[in-house]
Amino acid sequence: MSISVAKDETVKAIVPILSGGGTRLSCYIGILQALQEMGFEFRHLVGVSGGSIVAALYAAGHSLAEIKTLALHTDFRQFWSFSFTSLLRTGGLCNGNKLEAWLDKQLKGITFAQLAYDLHILATDINGGGPVVFNRSKTPHLKVSKAIRFSMSIPLFFSFQAFEQHIMTDGVILSEDALHRDWSGSGLPLICFRLKSDAESRPLQTSRYFPVVSYVYMLIRTFMSAVSREYVHAEYWHNTIVINTGSVSSVDFALSIAQKLQLFDMGYQTAHSIVPLKLAGLFTEVTAGDSDKKTTT
């Protein structure tokens, strides 16, 4: 099944880029659900931070219904703990071991080489400041769960992790050009989905005995929200879709089922309404560019 997007042009395959999101990952499940229903195919998926969890589960063969059920009924608070010792030694209040173990269980220890799809996960190297890509060609024998853990290293929240000569932190702080590349190797259209949250002041509630923990959490939340609100460069606007998740941030670990369902619906409705328009505009530009080339030759 294919979708007409512009002047009888049809698109059967795209490359979804699920960029960031943290605990708001159910939004990406709604996005993929909408893409499926509209007839799009995707053999390549790109995942960053929370988006890498959804992309990896899908690439490992889980149905979207299974992924949705898993997201709705998993209490993300189980992955959060805090230790000042961990913060001082590893750069994060939480070591992230529970999250990685849970991911590995859901993915059954699968490596990139064993995936049916081409999955690309990105993290950021704070040692050099650039992107590190994990996929079938670069890291075939690496467990997918480990790559997700690298990409989910929210600064100060989860501990930094070392990989070869790199020090990994959250992929969401990558520059846009790290995401917008020809992942398929054949020029398939890219659609980059980004989640943004609004700044919101909340009643000040600090821990009686460990107020610094509350302050660090507020700092992390503010930083991650600010990163999500960074403007989209004009060069990439034509194939980027921004979804506003309101007051829900990427580090809200206590999301209710109702909030997760709302995020799912946001992703689903936005993808249904915006993706065809974005692709129509993209292919109109491509058609115009081809016409210009013919005129000048």
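The legends below describe close-up views of a predicted model.

View 1. The structure holds one cavity of 30 Å³ or more, a cavity being a set of points, on a 1 Å grid over the protein atoms alone, where a 1.4 Å probe fits but cannot get out. About 150 Å³ of space lies in the largest cavity, where volume is the space filled by probe spheres set on the points, joined across faces, edges and corners. Its lining comprises 15 residues, and L25, I53, F76, F79 and W102 are those nearest the centre; lining residues have an atom within 4 Å of a point.

**View 2. Helices and residue classes in the lining.** Helix 2 (50–59), helix 3 (64–73) and helix 5 (97–107) each supply at least two residues of this lining, and helix 3 gives the most, with three residues; helices are DSSP runs (H or I, at least four residues) numbered from the N terminus. By class, the lining of the largest cavity has 13 nonpolar, two polar and no charged residues, with Ala, Val, Leu, Ile, Met, Phe, Trp, Tyr, Cys and Pro counted as nonpolar, Asp, Glu, Lys and Arg as charged, and the others, Gly among them, as polar.

**View 3. Helix 1 against helix 2.** The axes of helix 1 (residues 26–37) and helix 2, lines fitted to C-alpha atoms over the stretch in contact, come within 9 Å and cross at roughly 45 degrees. Y28, I29, L32 and Q36 in helix 1 meet G51, V54 and Y58 in helix 2, contact meaning heavy atoms within 4.5 Å. This contact has five nonpolar, two polar and no charged residues.

Residues are numbered from 1 along each chain as its sequence is written. In this predicted model, local features need pLDDT of at least 70, side-chain atom pairs count only at pLDDT 80 or more, and totals for chains, interfaces and linings use all residues, while side-chain values use heavy atoms, with hydrogens and water left out.

Definitions and conventions. 1 Å grid on protein atoms, 1.4 Å probe; cavity = no way out; pocket = protein on both sides within 12 Å on 5 of 7 lines; lining within 4 Å. Axes fitted to C-alpha atoms, helices over the stretch in contact; angles between N-to-C directions.
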